[in-house]
Amino acid sequence: MQKIFRYLLSFFFIVAGIWHFVDPSFYYELIPDYLPYPQTLNVLSGFLEVLFGFGILFSTVRKWAATGILLLLIAFIPSHIFFLQIGSCLENGLCVAPWVAWVRLLIIHPLFLLWAWYVGFGLKRKS
């Protein structure tokens, strides 16, 4: 079960990171207006997601990668709040009911934080 959680987390972050390069315009609208250089932030977050996603697979850097994922997830919280502030609907894309955005922020996002912590720090080391 430990490996399944690790591989799923790795897969999720690698795919999510690659998506920043496949469809960057989707992410630009999620970056709050008060943050400068949205293109740079998008590239940086995509690169880090891929890097940390691969890092989770290797026991020698797993704690560092998990810490990186935890910090990224915390850094993404303003984006989730911004999404709620703009009515949970992007002009050229994602549009959900406000309750879905709240569930994402208050339930799903903390579960991702727990998942990353569990993979990086909560598992007995069996590589």
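Colleague: How many aromatic pairs does the structure hold?

Modeller: This is a predicted model, in which local features need pLDDT of at least 70 and side-chain atom pairs count only at pLDDT 80 or more, while totals for chains, interfaces and linings use all residues. Residues are numbered from 1 along each chain as its sequence is written, and side-chain values use heavy atoms, with hydrogens and water left out. Rings of Phe, Tyr and Trp (its six-membered ring) pair if their centres lie within 6.5 Å; planes under 30 degrees apart are stacked, over 60 edge-to-face, and the rest tilted. The number of aromatic pairs in the structure is five.

Colleague: Which class describes the pair of Phe-12 and Phe-112?

Modeller: The ring centres of Phe-12 and Phe-112 lie 4.7 Å apart. Their planes meet at 35°, so the pair is tilted.

Colleague: Is Phe-112 buried or exposed?

Modeller: Buried means under 20% relative accessible area, exposed over 50%, and partly exposed in between (1.4 Å probe, protein chains only). Phe-12, at 36%, counts as partly exposed. Phe-112 has a relative accessible area of 17%, and therefore is buried.

Colleague: What is the angle between the ring planes of Phe-112 and Trp-115?

Modeller: The centres of these two rings, Phe-112 and Trp-115, are 5.4 Å apart. The pair is tilted because the planes lie at 35°.
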